[in-house]
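Subject: Structure handover

Hello,

Here is the structure for your files.

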Amino acid sequence: MLTEISAPRPGLTPAAMLADAVALRSLLRERQAETEAANRMLPEANARVLDAGFYRLLQPAEFGGYDFDLPTFARVMVEIASGCPSTGWGVAFTAGHIHVLGKYADRVQTEVYGPDGDCRAPLVEGQINAWARPVEGGYVIDGTFDNSSGIDVSTHFMGFVRVEGTGQPGLEQQLLVVLDRSQYDIERNWDMLGMQGTGSHRTVVVDQFIAADRALDPMAVMGEVTPVEERFLANPMHIGPSFNILMTEISSVAVGMGFGVLDAYEQTLRNGVIPRGTTKRIDDRGYQVYYGEAVALLETARAALVGGAGQYMEACERELTHPGMFDAETSWRLGVISQRCIKLADEATTIMFRTAGTSSMKPDTQMNRYFRDMSTLLTHITLFYDRWAERLTKLRFGLE
């Protein structure tokens with residue numbers, strides 16, 4: 001059934017895509033306030049993202065994508081997020097979640113990508129308020145999905161649902177389902193302290209039928225390698241656990257945001273003076289140390305982010321020739337690298353927020369916006385660092 005689709009920009013290279021992300025950064029930074037006020041990604045920004053091919057960065061070549069590697073994804077998303085964290089969040093989560101779609105059958109992917117390969121499918125897990133009712137040939141889906149990042153620019157949607165009649169309340173079987181744009185509505189309910197421009201609104205589904213092969217076991221998709229008999233995409237990247245891709249998304253945004261704060265902080269040092277004095281902050285040893293520490297933390301985070309992404313690619317390659325090598329421990333080791341990148345970015349931004357001065361936190365300043373954005377990002381459901389460390393240790397020592 002597979003029919004190959006050509007990418008819109010034949011010959012596009014990872015280096016060229018990264019250059020496009022850097023070029024977009026200044027525009028995104030200038031329009032941060034507008035993005036926040038709009039409560040969604042600006043249409044002009046989305047048009048630039050589409051033209052640049054960012055949504056197709058990880059998309060399989062068989063379906064009109066560029067099929068670049070995960071380190072390229074991390075580098076590009078860092079640049080976008082440093083320009084605008086909200087836009088970076090929407091792009092990273094939409095472009096990264098395409099990896100999940102690669103777990104579905106050939107027929108499903110062919111249908112979803114359509115004739116031109118244009119597919120933007122946000123994904124929601126977390127608290128599940130939607131149900132699947134088994135019927136002949138598939139399921140009827142009904143419910144709501146909060147925090148649907150990227151939903152305003154979506155062509156499709158993926159979400160976790162519970163299957164009616166399959167267990168005690170709260171312990172029902174779960175499925176990860178794929179819906180077309182015609183099957184859901186958007187309820188604009190996103191109102192948070194920060195990341196306001198992500199437009200992570202509620203997705204509403206009312207009695208929509210999906211075929212059985214549009215529903216998969218979410219734990220297998222997120223945490224397991226694709227079985228040999230189900231592989232048909234050429235790039236080995238697509239066989240790895242999708243949860244590592246999702247962690248690369250959020251860590252890329254956190255690190256990118258940190259570099260955005262660094263640029264704003266640099267202006268504060270160049271233009272501000274030390275309290276109760278006339279010396280420029282940049283000429284004061286204390287502020288020189290603060291800046292240097294922030295750079296060190298962020299560059300370490302970026303190196304770990306890109307390095308961890310490279311290790312993911314290597315693990316997928318090894319799995320082809322040595323089945324079983326990409327095990328749960330390997331996946332969680334990569335996961336704690338992503339977690340540490342976020343902690344490093346948080347540590348760097350804390351130094352800069354604490355020393356930038358009270359006036360930098362006025363309502364409409366970039367520093368104020370970055371502070372609110374980072375505070376909101378850190379509330380994400382995945383960021384329980386001690387649980388990740390505990391889980392990795394248990395896997396290593398066979399304790400569960």
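Helix packing

In helix 4, Phe73, Met77, Ile80, Ala81 and Gly83 meet Pro85, Thr87, Gly88, Val91, Ala92, Ala95 and Gly96 of helix 5; contact means heavy atoms within 4.5 Å. Helices (H or I, at least four residues) are DSSP runs, numbered from the N terminus.

The model is predicted: local features need pLDDT of at least 70, side-chain atom pairs count only at pLDDT 80 or more, and totals for chains, interfaces and linings use all residues. Residues are numbered from 1 along each chain as its sequence is written, and side-chain values use heavy atoms, with hydrogens and water left out.

Helix 4 (residues 70-83) packs against helix 5 (residues 85-96) at an angle of about 155 degrees, and their axes are 6 Å apart. Axes are lines fitted to C-alpha atoms, for helices over the stretch in contact, and angles run from 0 to 180 degrees between N-to-C directions. Helix 4 and helix 5 are therefore roughly antiparallel to each other (angles over 145 degrees count as such). The crossing of helix 4 with helix 5 is right-handed, that is, the near helix is turned clockwise from the far one by less than a right angle.

For helix 9 and helix 12 (residues 366-377), the packing angle is about 160 degrees and the axes are 10 Å apart. Helix 9 and helix 12 are therefore also roughly antiparallel to each other, but their crossing is left-handed. The residues that meet include Ile250, Val253 and Met257 in helix 9 and Tyr370, Met374 and Leu377 in helix 12.

Nonpolar cores

A nonpolar core is a set of buried Ala, Val, Leu, Ile, Met, Phe, Trp, Tyr and Cys residues joined through side-chain atoms within 4.5 Å; buried means under 20% relative accessible area (1.4 Å probe, protein chains only). The largest has 103 residues, and Phe54, Met77, Val100, Leu176, Tyr312 and Leu377 have the most contacts inside it. Helix 9 (residues 242-271) gives the most to this core, with 15 residues. Apart from it lies another core, of 17 residues, among them Tyr139, Leu175, Leu179 and Ala215.

Not counting residues up to four places away in sequence, phenylalanine 54 touches residues including Met17, Leu24, Met77, Ile80 and Val91.

Cysteines

The structure holds zero disulfides (pairs of cysteine sulfur atoms within 2.5 Å). Cysteine 316 is in no disulfide, and the nearest cysteine sulfur, that of cysteine 341, is 18 Å away. Cysteine 316 counts as buried at 0% relative accessibility, and cysteine 119 counts as buried at 3%.

Regards

Note on methods: Buried means under 20% relative accessible area, exposed over 50%, partly exposed in between (1.4 Å probe, protein chains only). Helices (H or I, at least four residues) and strands (E, at least two) are DSSP runs, numbered from the N terminus. Angles under 35 degrees count as roughly parallel, over 145 as roughly antiparallel, 65 to 115 as roughly perpendicular and the rest as oblique.
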